[in-house]
Amino acid sequence: MIASNPCPYCLVSPRDSDDHVFPDFLGGTRKVKTCTKCNNSFGHRFEGPVSKDLASVIVFLSFSGYKHNRLVVHERAWVDETTGIEYNLDSNLQNIPSKPHLFREDGKVKRVVARSMHEARRIFASLKAKGLVKGAVEKHEIQTGLQPPFKNVRINVGVEMRQLAAKMCVGVSQVVVPDVLLIDEKCREFLLAEGPPSSPVRQTYMRYPKLDDRRPPLGHTVYLEGDSRSAKCFGVVQLFGGAFQFYVPLSNSYVGRDFAALGVLDVTTFKEEFKEVERLRLPESPQFVSPSDVERSLSGWGEGLNAQIHAAFGKNAILFGASPKQSVSGLRVTLPLLWIEYELEIKLDMELVPDQAPEKDVTLPTNPNDWVLSPDRGCTALAIFDTFAKKWNNNVLSRTLGQEHVYAPSEIGPGTRLLMGDNFWCPIKSMSISYRVQQHAWLGSVNLPDNKGELDHSEHTLRAQITLTQADIPMSRDPSWPTVANPESYEAAAGNMLVVKRTDIDIANLRFTAFSAEVDD
């Protein structure tokens, strides 16, 4: 049953919950009415993981003056090499051990470093019960002034952040243009899916100066635009001033009114603004970007982010930049596909022994598949070529290329007759099927979306990790694929290539090249 005023995300359940437009972990406060199911599901599936992914960014910005409206912890941020203690680092710039550490001398516990006095007392009680310690001196010390050695931090910009971008677009639309049906079924399925295998949302490296001018430095931004003439509706989502930017195809069958909406969250004041604006007619982000363009865009990523940090807070205590080796996601990999089909050139030889003369001239169908062979004048039909095809497909017959092979049908025996004309049944003494195996090849491709990889700036290489399933492999050959004359040589020289060999045959596609019949009078 569908509610009369359903949740804007699922369009099914009633609006019995409140959901943040800009996520709470980014400092958002404005909420819209949604259903409990979607609200809880989104928090578990992608908002929670994204909050952890962006925790390091928030904490590092705190060194330059960013004051988040709640405590954020960058877990397992660094290790003090002098003590071996691993620390969490929070947005108040406090270093807290990520776990308890026990220090031993001569096999005995001499010192315990814990995250709280309660944890320290619990550990001491356990050690004392085991007879490992006798007494202890409590010291409540908070390490201050520790300067963590900043290093590469992995930030996952994966499907979870893309789902969050789609959700934020729906949230802004509910505040600014609640009368607009924003997303089509494809985008809705992506938003509601748990671990979707692919994403219509694209991480984009394009710059949108018209949009950048409408937000404060480092601000979080959601821009929506609907165009009735093109039947398209899209969103552009910028986190931290576009350090993480997404193009969201919301609908390719849009039928609503023309509009544009803007939602902005200022990271210095945490003030939110939502309003309808003039359409900026932003260009669509390309679906596919070459590795060289990705490398070029990422090489300037830190410079743009650092400039916005300085504009927002007046200083850069930490400089951001792309690491020499960088993990990237959302990669579309195109694999060359060598498509090989086997073809059999078949020649039939028969020895006929007529036991009577036909009453009139007789003929045979030009296609041997249409011949009728029977041991009892038509009551039972012998599937000679069906049996041949099955034995070939079951790899019983030889498949050596370029050689002539001979197959003698076992069904041909005493009493076997061939129907010639309407009612003349001619006995067959013997039959042989000679066949030669040929292969033909074509060069196609397989597109695999949403892969992960590593970009190496020093070597200018992009290595992708792909997952290939049966569903990714085409079931038939595309007629537009060009032919390949020598597939073995091509495969050996090409390196990474997907090879599909279609060796199975269908009796409807058997190629009969010659037929000879010897009549024994």
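Two strands are taken to pair if DSSP finds at least two bridges between them. In this predicted model, strand β12 (residues 259–265) and strand β13 (residues 272–276) run antiparallel and are joined by five bridges. Within this pairing, G263 is found opposite F274 of β13. Six residues lie between the strands of the β12–β13 hairpin, and F270 adopts a positive phi near 60° there.

The largest nonpolar core comprises 71 residues, among which L54, L182, F240 and F244 touch the most other members. Helix α4 (residues 159–176) makes the greatest contribution to this core, supplying nine residues. The surroundings of F240 were examined with residues up to four places away in sequence left out of the count; on this basis, F240 touches L26, L54, V57, I58 and L61, together with L218, G219, H220, L305 and Q308.

D184 is located in the loop between α4 and α5 (185–192). This residue, D184, is buried but forms no salt bridge. The nearest side chain of opposite charge belongs to K186, at a distance of 7.4 Å, whereas a salt bridge requires a side-chain nitrogen of Lys or Arg within 4 Å of a carboxyl oxygen of Asp or Glu. When neighbours within four places in sequence are set aside, D184 is in contact with L250, S251, N252 and S253.

How values were computed: Residues numbered from 1 in each chain as written. Predicted model: local features only at pLDDT ≥ 70, side-chain atom pairs only at ≥ 80, totals over all residues. Heavy atoms only, no water. Core = buried A, V, L, I, M, F, W, Y, C linked by side-chain atoms within 4.5 Å. Buried < 20%, exposed > 50% of the residue type's maximum accessible area, 1.4 Å probe, protein only. Helix = DSSP H or I, 4+ residues; strand = E, 2+ residues; numbered from the N terminus. Contact = heavy atoms within 4.5 Å. Lys, Arg positive; Asp, Glu negative; His and termini not counted.
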